[in-house]
Amino acid sequence: MSNDHNQQSSNQSKIDALEENYKHILGFVPDRIHSRITLGVQTAPEMTEGVERLRAQLLEPEALDLKTSQLMAFGMLLMNLSQAAENHAVAALRAGASVQELQAVAGIAFVFRGIPAINLSGDAIAGALKKIEALNKAG
């Protein structure tokens with residue numbers, strides 16, 4: 001029983017450490033990310049840790065500030081019509097981006113992806129603003 005408890009405690013420590021970057025950048029850990037990290041730590045810890053290190057390194061390059069990299073990620077995810085665009089809008093706002101900058105990125109995505117991208121941008125920006133408001137209320 002003690003070994004099971006020690007393993008659970010160790011796994012939870014690894015999960016917490018891997019999720020810290022999301023908490024720092026987003027202010028929360030998206031459910032899908034939490035599920036992926038939790039399962040990964042239990043079944044493929046080395047891969048999960050490697051993926052998270054690489055993800056953080058590539059999304060926070062030394063050559064770009066966090067706001068710029070998050071605005072770029074937002075635009076790229078709009079191009080892919082990915083719901084994850086909302087989380088990167090949150091990260092961009094937290095890094096100092098304005099709603100006008102998000103709208104400008106959405107306009108660029110529209111040029112290359114059309115109505116679906118601009119439609120998603122409205123939902124993503126509105127959702128991001130709600131998340132920012134909830135984070136601010138939570139304090």
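**Entry 1**

Is Leu 81 buried, partly exposed or exposed? I looked it up in this model, which is a predicted one. Leu 81 comes out as partly exposed, and its relative accessible area is 32%. I found Leu 81 in the loop between α4 and α5.

**Entry 2: salt bridges**

Next I went looking for salt bridges. How many are there? The count comes to four.

I started with Lys 67 and Glu 101, which form a salt bridge with their closest N and O atoms 2.9 Å apart. This pair links distant parts of the chain, as the two residues are 34 apart. Lys 67 is in helix α4, which covers residues 66-79, and Glu 101 is in helix α6, residues 99-113. Then I checked how open each one is. Lys 67 is partly exposed at 23% relative accessible area, and Glu 101 is partly exposed too, at 27%.

My next pair was Lys 131 and Glu 86, whose side chains meet in a salt bridge at 2.9 Å, N to O. Lys 131 belongs to helix α7 (residues 115-138) and Glu 86 to helix α5 (residues 85-94), so this pair ties together parts 45 residues apart in sequence. Lys 131 is partly exposed, with a relative accessibility of 28%.

Then I turned to Glu 133 and Lys 137, a salt bridge with 3.3 Å between the closest N and O atoms. Both of these residues sit in helix α7, four residues apart, and that's about one turn of the helix. Glu 133 is partly exposed at 44%, while Lys 137 counts as exposed at 67%.

**Entry 3: the largest pocket**

I moved on to the largest pocket and noted about 270 Å³ of space in it. Which residues lie nearest its centre? I got Tyr 22, Ile 33, Arg 55, Asn 87 and His 88, out of 18 residues that line the pocket.

I also wanted to know where the lining comes from. Helices α1 (2-26), α2 (31-43), α3 (45-59), α4 and α5 each give at least two residues to it. The largest share belongs to α1, with four residues. When I sorted the lining of this pocket by type, I got ten nonpolar, five polar and three charged residues.

**Entry 4: Glu 19**

Last, I picked Glu 19, which is found in helix α1. Is Glu 19 buried or exposed? With a relative accessible area of 5%, Glu 19 is buried. I checked who its neighbours are, skipping residues up to four places away in sequence. Glu 19 touches Val 29, His 34 and Ile 37. I also looked up how far Glu 19 is from Ile 108: they are 89 residues apart in sequence, and their C-alpha atoms are 31 Å apart in space.

Notes: Residues are numbered from 1 along each chain as its sequence is written. This is a predicted model: local features need pLDDT of at least 70, side-chain atom pairs count only at pLDDT 80 or more; totals for chains, interfaces and linings use all residues. Side-chain values use heavy atoms; hydrogens and water are left out. Buried means under 20% relative accessible area, exposed over 50%, partly exposed in between (1.4 Å probe, protein chains only). On a 1 Å grid over the protein atoms alone, a cavity is a set of points where a 1.4 Å probe fits but cannot get out, and a pocket is an open set with protein on both sides within 12 Å along at least five of seven lines; lining residues have an atom within 4 Å of a point. Grid points are joined across faces, edges and corners, and a volume is the space filled by probe spheres set on the points. Ala, Val, Leu, Ile, Met, Phe, Trp, Tyr, Cys and Pro count as nonpolar, Asp, Glu, Lys and Arg as charged, and the others, Gly among them, as polar. Contact means heavy atoms within 4.5 Å.
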